[in-house]
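Thanks for asking me to look this one over.

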Amino acid sequence: MLSLEDGKGLAFNYGRKSVVKTLRRTTAEFRKKIVSGEIRSVTAELILKKCEEALEESSQPSLKKVINLTGTVLHTNLGRALLPSKTIEEVADKYANPVTLEYDISKGKRGDRDDHIVGLIKELTNAEDATIVNNNAAAVFLTLNSLAQKREVIVSRSELVEIGGSFRIPDIMRKAGCRLVEVGTTNRTHLEDFEDAITEKTAMVMRVHWSNFKITGFTASVDQETLADLCKKRKIPFIEDLGSGTLLEMEKFGLPREPTIQSSLIKGTDLVLFSCDKLLGGPQAGIIAGNKELIKRIKRNPLRRCLRVGKLTLCALDSVLRMYLKEETLTTELTTMRLLTKSVDFIKAQTESNCFLVQNALEPEFRVEMVNMKGQVGSGSLPEDKLPSFGYKISSNSKKSKRSSQITKLERSFRKLSIPIIGRIKEDSLFLDLRCLMDEEEFAKSFIELKSTGL
Ligand SMILES: *Cc1c(COP(=O)(O)O)cnc(C)c1O
């Protein structure tokens with residue numbers, strides 16, 4: 001078959017080795033079908049055709065670009081923060097060339113990769129020092145392991161959270177070699193609870209930000225300054241896992257309030273730990289910022305070498321952090337902030353101007369309405385804090401018993417597009433929230449494709 005014209009063509013396009021392997025696999029499949037009586041014979045053309053389909057499929061990258069119309073801006077399953085185009089350009093050039101990753105160009109000597117952004121972090125947060133690791137989970141793990149191994153860490157019972165993707169505070173503690181000392185109750189924790197728990201075995205007190213839940217009603221907690229004072233008096237570090245750390249006062253931008261990294265440090269926290277691909281809007285990474293002596297101890301841990309970031313991450317983080325030096329242009333330059341601050345009027349205009357295309361592709365089987373909806377910041381910001389938005393509500397025009405399966409089918413068609421569209425199904429309707437729509441041309445093309453391939 002390799003000597004046939006079609007076979008030669010395949011080898012030219014996909015490489016001889018891959019073609020041979022796929023031909024063997026395809027032939028074996030047909031052979032099985034003949035033996036089982038499912039088919040009686042097969043031609044070389046058919047085998048080659050099947051082979052080509054398989055090769056085409058396996059040559060596609062598994063990681064696909066999608067259009068996020070879920071309404072969740074920092075969608076963990078869709079890769080969280082999107083990098084600004086300016087950052088991408090900077091990264092592309094540096095990634096294709098040698099860079100001063102661990103080279104001090106002024107001295108002509110070996111340097112520290114953290115140095116490239118520690119200055120920026122200090123400038124932006126007033127921290128004394130900082131270090132960068134693979135993600136915030138790694139930041140928490142490394143901090144615990146470096147400062148509290150074989151010792152006790154005190155945490156309020158209200159803060160023993162699970163973030164998702166199996167990040168749970170008690171499990172991380174155990175793996176880091178620390179003994180978790182729970183104090184207080186689920187709803188109420190007092191200063192005496194902490195005071196009574198501190199012994200000579202205590203390595204630190206840790207506060208974990210309530211990223212994704214809320215406790216309301218009869219509650220009490222110890223404020224950060226009071227807890228920091230207590231730790232100072234008893235000479236133990238006070239650490240905060242901030243999760244989605246931000247450098248901005250979000251409420252100034254009309255967004256739900258989120259504690260800032262700077263304010264945590266001002267309140268007396270010795271080390272603050274946060275993600276770089278949540279509200280910060282950068283690449284996946286985690287930062288530990290604060291007390292110089294503690295950072296020094298963390299940097300001496302051999303595990304840090306296992307959790308370090310690559311040059312791709314450092315380049316991108318450097319670019320994004322530099323944008324924060326000029327707050328005035330953040331909502332245009334930084335993609336995450338641009339999407340979060342997009343006005344409902346603007347989203348509404350986008351929805352209206354593309355409505356005809358959507359209706360044209362989906363009617364008459366489906367009904368397309370333009371409606372107000374509520375999105376989310378995502379990635380550990382409170383799911384209760386909704387972002388007002390706008391978009392399409394798509395419902396089936398079939399009889400009631402078939403509506404749900406029609407919507408499921410439509411959702412599948414959206415996922416099968418060249419650039420899949422990801423929406424959200426709620427109560428037998430498919431919702432497309434246009435807050436995160438960036439490329440309208442691409443969006444339009446998708447609906448033309450949908451129309452031509454059929455639902
Ligand atoms: C998100 C989050 C983490 C994990 O951060 P990653 O960067 O996803 O590893 C840890 N703690 C809190 C409180 C979080 O919100």
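This is a predicted model: local features need pLDDT of at least 70, side-chain atom pairs count only at pLDDT 80 or more; totals for chains, interfaces and linings use all residues.

1. The residues lining the largest cavity are I121, L124, T125, L247, I261, F274, L280, I287 and L321. By class, eight of the lining residues are nonpolar, one is polar and none is charged.

2. On the overall layout, the protein is divided into domain 1 (5-58), domain 2 (67-77 + 339-453) and domain 3 (85-327). Taken over C-alpha atoms, the centres of domain 1 and domain 2 are 39 Å apart.

3. Where does the largest pocket lie? Both domain 2 and domain 3 give residues to its lining, so the pocket lies between them. The space in the largest pocket is about 740 Å³. Its lining has 39 residues, and those closest to the pocket centre are R207, H209, W210, R257 and P259.

4. Several elements give two or more residues to the lining of the largest pocket: strand 9 (202-208), helix 9 (224-234), strand 10 and helix 10 (261-266). Helix 10 gives the most, with three residues. By class, the pocket lining divides into 15 nonpolar, 13 polar and eleven charged residues.

5. The residues around the ligand are R80, N135, N136, A137, I163, F167, H209, S211, D241, G243, S275 and K278. Helix 6 (136-148) and strand 10 (238-243) each supply at least two residues of this shell. The shell divides into three nonpolar, six polar and three charged residues.

6. Which distances to ligand oxygen atoms can be listed for R80, S211 and K278? For R80, a polar side-chain atom lies 2.9 Å from an oxygen atom of the ligand. An N or O atom in the side chain of S211 is 2.6 Å from a ligand oxygen atom, and for the side chain of K278 the corresponding value is 2.8 Å. The ligand taken alone exposes 380 Å², of which the protein buries 94%.

Terms used:
Residues are numbered from 1 along each chain as its sequence is written. Side-chain values use heavy atoms; hydrogens and water are left out. A residue is near a molecule or strand if one of its heavy atoms lies within 4 Å of it. A polar contact is a pair of N or O atoms within 3.5 Å; within protein, one must be able to donate a hydrogen and the other to accept it, and residues adjacent in sequence count only if both atoms are side-chain atoms. Accessible areas come from the Shrake-Rupley method with a 1.4 Å probe; for residues, only the protein chains shown count as cover. Helices (H or I, at least four residues) and strands (E, at least two) are DSSP runs, numbered from the N terminus. Ala, Val, Leu, Ile, Met, Phe, Trp, Tyr, Cys and Pro count as nonpolar, Asp, Glu, Lys and Arg as charged, and the others, Gly among them, as polar. On a 1 Å grid over the protein atoms alone, a cavity is a set of points where a 1.4 Å probe fits but cannot get out, and a pocket is an open set with protein on both sides within 12 Å along at least five of seven lines; lining residues have an atom within 4 Å of a point. Domain bounds come from an automatic or database domain assignment. Grid points are joined across faces, edges and corners, and a volume is the space filled by probe spheres set on the points.
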